[in-house]
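Subject: Structure handover

Dear colleague,

Here is the structure I said I would pass on. My notes on it follow below.

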Amino acid sequence: MNFKETFMNGEQGLFKPSTLTPMQKLVLRFVVIGLIYYGFAVIEGMIMRIYQISPIAAIPDYQYFAILTAHPLVGIFGSTYSIVFGAFLFLVPFLMKKPLWSFKLANWTCILIGVGTMIFWLAGFITHYAPLYTLYWPLPADFSQFNPLGGTIFVAGIAIVMLGTVFFVINIFKTIVYTPEGWEKQPSKALFLSAMGLSGMTNMFRKKENQKEHLVSLPVAAIARGTVDTALNAGIILFTGVLILVYLISHQLGFDLKNSAVDALLYKNWFWWGLDLIADGLVLIFVAGTWYLLAMLITGRSLFMQNIARAALLLELVVSWTVWSHHLMSDQAQPGFLKVASGEMVTAFELITQGLAFFITLATLWSARPLKMTNPLKFLLGGLLGFGLAVPAGIMQADLGLNRILHNTQWIIGPHVHVAILVGLTMTLYSAIYILFPIVTNGAKLYSQKLANFHFWAHLIGGIGMGAFMGMAGLKGMLRRTIYLNGEFNLYMILAGICGGLLLLAFLAFFYNIVMSVGLKGVIGIFTPSKLDVKILVPEAEK
Amino acid sequence: MVDSQVVLNGQTFAYTFYALAIILLMLWFGYNVTKSGKASKVSSALFYSFVTLLVVLGVSLHIVTYNTIPWASMDLNRKEIKADKTFEITVENHKFILPSEKLVINVNDKAMFNVRSNDLTYGFGLFRSDNSMVFQMQVVPGHLNDILWQFDKPGVYTIRSTEYSGPKGAQMILKDVVEVIAN
């Protein structure tokens, strides 16, 4: 096939959208939307990398901060939520061998996340509403700096994303516990308890011959437990959004409410409690669950120390509810016992829970060697390395002594946040995409392995390199969330910018590879309705 | 009290060493997991040893830093420590309002910085002339934000807001306004 034919019909013309089930199309739509928003986040990231070297004359500072506000939200909600929700809405029924509870609701999740992200992105882009994702009170209601109408649309966009999230949560739990039509009655309560990890916990204290069989596989249990935090987080963000909306709308109606009616420190505790359900809860739980699934799929074996892995997921859930205070270690009015107990001690548990997941995944892979270095395996190893680097960096900054000289520096956002998200989380997601690609496309072939190899190395080196140079700047005192006008940290920022460029090239190589694999007609075909039954996950011939 | 730069140097060394070790470990693993040979099960003894190591590391990090980084214990117990000098600072409309043009402190004196915000959440950080950070804290409206610090050598420092408070806050910088002098 020549270039034009491949571009139109995909590699060897193997991808046939007409053979896809509605569920396959839906998961591919989620992935396409997620990748487009990832592209947004990468471009925004590159603009900010250049700005940190030398402010761009065409972009005023208020526009820069609007980009800084939108960037993590587009990355987390628009990209990661889309890809993760799409994958899990497919995987839970796939692993449980039963249809999704509601295809319609899943479709709405996809639409609401895609539309909601575009609304808040546009509101930020046009009106420059920029209180950052931290929303430290009373900044979101500071009308001397921000347009209240822009803020109202921005918050409405986030609320739409949260509504889609709530639909996802309902669908996941209903799918686990419901009885499909024509099936024997399912033990809903037992399924729920197994999904929550109680069977794994009790098995640890039983003799081997008395251990109960798990009704729900470990990856499904991990998804269920991460979904608990997803639900709580959606509730917190929705509540916070309503609070901000009250102030925004009142101002537009001519009633200015007193900002001091809301205690800034209490708000900060509330906000970080909710936000850490994503950062320290569902990310670590979802990632651990995804590592386990990938390790089992790659090796074809059961997981090493399965009961402990289940118990660790339950422990991580509790840890994620009590860990928030590490974000308030530089807040002097925060009680000291919360800083030590929640900020230091509970946070240190994340080293243990994530370390367990790291070890269990590697041990499972090791027990099946020799393995072929496939794309899923190499990206999985990249993801493990990302968290291997980022979690200890986080534990260090969650220390009373070190936090005093690290908080709000580039150290936090570089070696911890960006290495965790870009290398740890994103490479894990890429591994899942590479392994699911033939399953959800009914056997489409990847266009170029060379491009996939380039994607891997450019992303790995770019992600670790960018985080490292940001971290070095942070240790030299460079702050995040500000602008340096005189090139104070240029050496580090130029090097970080080059690594950011590698990340952009890696994404372009991946995107091109995927488009050439399925073809332009294939991409369009993903968005046309399927004629197959919504209850069928993959066509019989592909099973 | 030891200068915070010394602690940062120690951290840089420790984390660089760890980062190189984990990268090498993953390279070794990636190479060997593909090599032909007999598949071997990982022993549970190794697993439990690893868990023990994680517990020891997680707990000991904070015990070690509490006992070696002097400002950690001073910060937790600052209510019981008498300051040699106290500076009342206000922040409003993206501006620091100092009690005097320069804040002068004697070497080895304990200086208390009490910072109040009348509107937004800000940060309060002290920086050396090479832009490296001495310390920082958050400045939350409606609450007392106080930090006790002891300087071990003479120097001139810049105050800068370390927290985002909207685009107007990016250049909240008071250059060379804190001076530490020899007794």
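In which sense do strand E5 (residues 122-127) and strand E8 (residues 155-160) of chain B pair, and over how many bridges? The two strands run antiparallel, and three bridges connect them. One of the residue pairs here is Gly125(B), whose bridge partner in E8(B) is Arg160(B). Please keep in mind that this is a predicted model.

Sheets of chain B

E5 and E8 belong to an open sheet of five strands in chain B, with the order E3-E9-E8-E5-E6 and mixed pairing. The edges are taken by E3 and by strand E6 (133-139) of chain B; each has a single partner strand, so one side of each has no neighbour in the sheet. From one strand to the next the twist averages 25°.

Leu103(B) sits opposite Val178(B) of E9(B).

Strand E1 (residues 85-92) of chain B is antiparallel to E2(B) and joined to it by three bridges; Val91(B) lies opposite Phe96(B) of E2(B).

Contact between the chains

The contact involves 65 residues of chain B and 67 residues of chain A. On the chain B side, helix H1 (4-32), helix H2 (44-68), helix H3 (70-76), E5, E6 and E7 each supply at least two residues. H1(B) gives the largest share of that side, 13 residues. By type, the chain B side consists of 37 nonpolar, 22 polar and six charged residues.

Chain A: one helix and some backbone points

Helix H15 (residues 449-475) of chain A has 27 residues and spans 39 Å from its first C-alpha to its last, close to the 39 Å expected at 1.5 Å a residue. H15(A) is mostly covered, with 20 of its 27 residues buried. Just after this helix, Gly477(A) has a positive phi of about 105°.

Most residues other than glycine have a negative phi, and most peptide bonds are trans. The following places in chain A are worth a look on that account.

- Trp137(A) and Pro138(A) are joined by a cis peptide bond, with omega about 5°. Pro138(A) is in the loop between helix H4 (103-127) and helix H5 (148-177) of chain A.
- Arg369(A) and Pro370(A) are also joined by a cis peptide bond, with omega about 5°. The loop that holds Pro370(A) is between helix H11 (336-366) and helix H12 (375-397) of chain A.
- His128(A), not a glycine, has a positive phi of about 60°. His128(A) is in the loop between H4 and H5 of chain A, and is buried because 21 other C-beta atoms lie within 10 Å.
- Asn442(A), in the loop between helix H14 (410-440) and H15 of chain A, has a positive phi near 55°. With 18 other C-beta atoms within 10 Å, Asn442(A) is partly exposed.

Regards

Definitions and conventions
Residues numbered from 1 in each chain as written. Chains lettered and ligands numbered in written order. Predicted model: local features only at pLDDT ≥ 70, side-chain atom pairs only at ≥ 80, totals over all residues. Pairing = 2+ DSSP bridges. Helix = DSSP H or I, 4+ residues; strand = E, 2+ residues; numbered from the N terminus. Axes fitted to C-alpha atoms, helices over the stretch in contact; angles between N-to-C directions. Contact = placed C-beta atoms within 7 Å. Nonpolar A, V, L, I, M, F, W, Y, C, P; charged D, E, K, R; others polar. Expected span 1.5 Å × (residues − 1). Buried ≥ 20, exposed ≤ 12 C-beta atoms within 10 Å, placed from the backbone.
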